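Biologist: Please pick one part of this model and go through it closely. Give the cut-offs as you come to each term.

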Amino acid sequence: MDFVKYARNQWDRIGAWLCVIAGAIELLLGYLGVSATRETGKQMPYIVSNAMVGLFLLGLGAMLWLSADLRDEWRKLDSIERHLIEHGQLPAPTPTANPGNSGNDNGQVLRREASLR
Amino acid sequence: MNARHGIQVGRSLWTARDGGELVVLQTLSVVFLTVGYIGTSGTLRIGQQVPWVDLAAAGLVLSGLEIMRFMTTARRRIGLRRLSLFGDVVPRPAATRREVSATPITALVTTAAMTRYHDAGCPLVTGKAGIVAGTALSHEESGQRPCELCLAGGAS
């Protein structure tokens, strides 16, 4: 039960590990396949299917792991910003239209009312 | 989302577009790798295999480039948001330090007609009509760049 909860919260890190493990297995299989024959024509498919796919999976795993870290950092900044707003240390923002970026999710840009002179 | 202030604190690090591009390009990479494998395994002649190997390699490179783009986008957004919240901790020249410290870190202002955002005390924005304040992140998301006069060194 706890593992299910952990897996839901940390799906990206679990996915990263799975990709890295799968990538390592692919590389190993590629090595075994290539070393089993001396004909270059027979070795090529192993290079493409195992070696390259292995590298692809390793890259994907690294991306998932790093993105999990970045997402954690983003959440931490969320909580800091929320705290600052609640304590009045940031000006209250007012959402406005974003004319230069209307087709983008970043259109949710917040603009804070100027507290200028 | 913080309803009282209307701030979307819980907004995602990546936009739907970022995610969509990642999925599309990674899928394309998988297609290239698969087609490359099928093409390579269909013949034993190296001369005929090379183009298929190239295709698979292109898929791998495409995947790597997209991953780099995806991660640097996130890294940049986090950097901008940290800058918005905590200010620029990089020491500035003594001549500008006094003005910077006298200005609230979130007082980055611009107008709809401007292509750059400025420190509230910047002479390029003083007296302009329609000034809106925001964070470096919000201005960057609107497609504006930091003023090179008052925000020396940029916001990234």
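Predicted model: local features only at pLDDT ≥ 70, side-chain atom pairs only at ≥ 80, totals over all residues.

Modeller: Strands are DSSP runs of E of at least two residues, helices runs of H or I of at least four, both numbered from the N terminus, and two strands pair if DSSP finds at least two bridges between them. Residues are numbered from 1 along each chain as its sequence is written, while chains are lettered from A and ligands numbered from 1 in the order in which they are written.

H1(B) passes H2(B) in a left-handed crossing (the near helix is turned anticlockwise from the far one by less than a right angle). Their contact has 15 nonpolar, nine polar and two charged residues (Ala, Val, Leu, Ile, Met, Phe, Trp, Tyr, Cys and Pro count as nonpolar, Asp, Glu, Lys and Arg as charged, the others, Gly among them, as polar).

H1(B) also meets H3(A), residues 40–86 of chain A, with axes that come within 8 Å and cross at roughly 165°. That angle makes H3(A) roughly antiparallel to H1(B), and the crossing of H3(A) and H1(B) is left-handed. On the H3(A) side the contact (C-beta atoms, placed from the backbone, within 7 Å) includes Met44(A), Val48(A), Met52(A) and Phe56(A). From H1(B) come Ser29(B), Leu33(B), Gly36(B), Tyr37(B), Thr40(B) and Ser41(B). The residues of this contact of H3(A) with H1(B) divide into eight nonpolar, five polar and no charged.

Further along chain B, E1(B), residues 108–110, and E2(B), residues 116–119, pair in the antiparallel sense over two bridges. Leu108(B) stands opposite Asp119(B), and a hairpin of five residues joins E1(B) to E2(B). E2(B) also runs parallel to E4(B), residues 145–146, with two bridges joining these strands. There, Tyr117(B) has Pro146(B) as its bridge partner.

Technical notes
Axes fitted to C-alpha atoms, helices over the stretch in contact; angles between N-to-C directions. Parallel < 35°, antiparallel > 145°, perpendicular 65-115°, else oblique. Contact = placed C-beta atoms within 7 Å.
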